[in-house]
Amino acid sequence: MNRLLFSFSILGIILLVLSCTSTKESSLSINIPDRTVGIVGDQYVSFNELKENYISGVTDKKYTEQDLIDFLPVYLDYKGKLLDAEAIGYFDDDRIKDEFQLYSKQAAYAFWMEEEIKPTKFNEFKQRYMYELKSKHILISVQQTASPEDTLEAYNKIMAARDEFLQGKSLEELDMEYSSKRNGRSMGGDLPWFSVGSTVAEFENALYSLKINEISKPVRTQFGYHIILLEDKRVRKPSRQISHIFVRRNSDQTKIVEAYEALNDSSSWENVVVKYSEDTPSIQNNGLIGWVNYGGRYRIAFTDSVMNIDSSLPYSKPIETTYGYHIFRIDSIQTFEDEEAKDEHIMELLKNSSTFKENNEYVIDYILNKYNAITFDNNLDTFKAAISFEDTLKFDEISTPDSILTLPLFRIKSFEFKISDFKNYLIDSYPNYSNKQFSNRWLGRFKEAKIDELLTTLTLEEYPDFNNQTINYKNGLVVYQMNEDSVWSSATIDTTILMQIYSDKINDYQYEERFYYYMITSSRDSSLDRAIKFIEEGNSPDSLFARGFRVGVNSDSTGIFKGEPFDILPTMNIGEVSDRFEYSNRKGHFILMDKLPARTMTFEEAFNRIVSEFQPIREQRWLERIRETYNITQYPDVIKNHFFVDQNIE
């Protein structure tokens, strides 16, 4: 997979397997359809087909007459290779099938994300981005892994709180009575103004669905059960970039007053920051603390103070917040050059929000919601009851009645999975677990596994265009593998041909004089000095690493390295240590061990060179066979005749 592009266009495939481009040219017969630019076997290639496949491989979608003429023989060869691949059986090759299946699934995930999820979520996110919401909530804490009994108890409790609210009791009273406590404080209560992307998806979705003064139905999040009251809604206030002069609460309060007076006496902002501010990190940036907005990292009272400053003032009066005392300066108010820039900003916020994840699990969750997947909880309870006897058995040891195994468990669109499918999943996925270790989370994982299996089928049903992408990829994969086997793989070459080439050109396969040497390198002179001293005392360079020397040790005798510093080697004597040199940002020495005389390579030594030289010949022979077998014929004059007509129509 990683040797190929993730997504192939026809042109991309052809360029990958680019071949010689001489095919037969001919005049059109009266029996050939109009606008035919080529024939491959019994297939007629039209001007439109050629043009569309050329356009699919260029980013600007522009083309000239000569572009199409040059592309024609390449495309016809590609079509011929596909016919040959089908005749040979490449489309049934297990290698192709396995890689195609893997690709299709990966491409399906990407297709859902790019074609539906991102546009849908972006439009929703952008609409919510326009507003800020003020709310209160009651929270009954319950773990996601809680037992059904504990979950039901929490649900009933939150419903009781909701009923009392609808009967007129205030949310403040209900919060104190019902909300779970942490360190003696309510986990519910008043929430600050915030906008989209600031909280978990379930809470956000519920909140944005409410009208002002409306109470939600129970909402389950990772924290437990909530009921949410929307108190107010307003147009979003743009973020403000803020600098400040800060004095801690426990410092002398007159210090912030003195700073304010200094500004009024025309002292520069920069000088006052350095002299008075106690916020060490921001002092280095003239007091800059960054962008402030509702839903950001700052406490609500602090954010309120910043957002309420008159932006026309050069700086604020001293303001007390929960952090201490500040003089604020508004450096910038967020604006956008145009709608496109605004959309880019919102998309970045979406990607970084807690409600959006660009991964496969998110795609699966989206699909489950889109198709309103159904879980038959009663049938699951029946299965759990059937395996809950006292003995501790692994799932493959449990005998489950057919009347239970055939019950439906999970349905999405027309696809239904039974209890038997779930049991087989448990046997395969949790072979060392027993019935006593059953986890409710396993059902969710089972659903994910089944959607993963169905994903390509679901994508083809939802997006017919996806079929073209997968077909193009499979064709490209087949042609790529054919090229590997027919041109590039040395394992499929007749060795007698290579031996003949070797014999005919033996004088071309020669080693020049070569040098067997060690190269010792280090970034430190001291380490290098110790290593060279060790070698000069009669020790082998091979033992440097074992003796703990922190140097690089490389040896070679192929003669493939040229230029500096390797041009030192011909001037050295055997056993000599070279002067120090610089190489790849390190310092080094050569130790010359031997000089190897020039000689003829053996066939084995020359093999890779021979294969490389034979490949163009091999490819040409292969293409000639395909062109002859499928009678590939091109009609470039048709392109000339129709090009300008099509350009004028467009």
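1. How much space lies in the second largest pocket? About 810 Å³ lies there, where a pocket is an open set of points on a 1 Å grid over the protein atoms alone, with protein on both sides within 12 Å along at least five of seven lines, and where a volume is the space filled by probe spheres set on the points, which are joined across faces, edges and corners. Lining residues, that is, those with an atom within 4 Å of a point, number 28 for the second largest pocket, and the closest to its centre are His137, Asp190, Leu191, Pro192 and Phe194. The elements that give two or more residues to this lining are β4 (131–141), β6 (185–186) and α11 (300–307); helices (H or I, at least four residues) and strands (E, at least two) are DSSP runs numbered from the N terminus. By class, the lining of the second largest pocket has twelve nonpolar, ten polar and six charged residues, with Ala, Val, Leu, Ile, Met, Phe, Trp, Tyr, Cys and Pro counted as nonpolar, Asp, Glu, Lys and Arg as charged, and the others, Gly among them, as polar.

2. On the basis of these values, the model is a predicted one, in which local features need pLDDT of at least 70 and side-chain atom pairs count only at pLDDT 80 or more, while totals for chains, interfaces and linings use all residues. Residues are numbered from 1 along each chain as its sequence is written, and side-chain values use heavy atoms, with hydrogens and water left out.

3. The largest pocket has a volume of about 1,900 Å³. Its lining comprises 42 residues, of which Gln144, Glu202, Asp365, Gly444 and Lys447 are the closest to the centre. Two or more lining residues come from each of α5 (148–166), α7 (201–208), β8 (219–221), α13 (360–370), α14 (377–386) and α17 (441–462). The lining of the largest pocket divides by class into 14 nonpolar, 15 polar and 13 charged residues.

4. The structure also holds one cavity of 30 Å³ or more, a cavity being a set of points where a 1.4 Å probe fits but cannot get out. About 90 Å³ of space lies in the largest cavity, and its lining includes Lys121, Glu124, Phe125 and Arg128, together with Ala201, Glu204, Asn205 and Tyr362. Helix α4 gives the most to this lining, with four residues, and both α4 and α7 supply at least two. By class, six of the residues lining the largest cavity are nonpolar, two are polar and four are charged.

5. Helix α4 (residues 94–129) packs against α13 at an angle of about 65 degrees, with the axes 10 Å apart; axes are lines fitted to C-alpha atoms, for helices over the stretch in contact, and angles run from 0 to 180 degrees between N-to-C directions. The two helices α4 and α13 are therefore roughly perpendicular to each other, given that angles under 35 degrees count as roughly parallel, over 145 as roughly antiparallel, 65 to 115 as roughly perpendicular and the rest as oblique. The residues of the contact of α4 with α13 are nine nonpolar, two polar and three charged.

6. The axes of helix α3 (residues 65–88) and helix α18 (residues 465–488) come within 10 Å and cross at roughly 85 degrees, which makes α3 roughly perpendicular to α18. In this contact, Tyr78, Lys81, Leu82, Asp84 and Ala85 of α3 meet α18 residues including Asn475, Val478 and Met482. The axes of α18 and helix α21 (residues 603–629) come within 9 Å and cross at roughly 120 degrees, and α18 and α21 are therefore oblique to each other. On the α21 side the residues are Gln615, Arg618, Glu619 and Trp622, and the contact of α18 with α21 has four nonpolar, three polar and three charged residues.

7. Two backbone details deserve a check. Most residues other than glycine have a negative phi, and most peptide bonds are trans. A cis peptide bond joins glutamate 564 and proline 565, with omega about -5 degrees, and proline 565 is placed in the loop between β19 (552–556) and β20 (581–583). Asparagine 183, although not a glycine, has a positive phi of about 55 degrees, and this residue lies in the loop between β5 (181–182) and β6.

Notes
Contact means heavy atoms within 4.5 Å.
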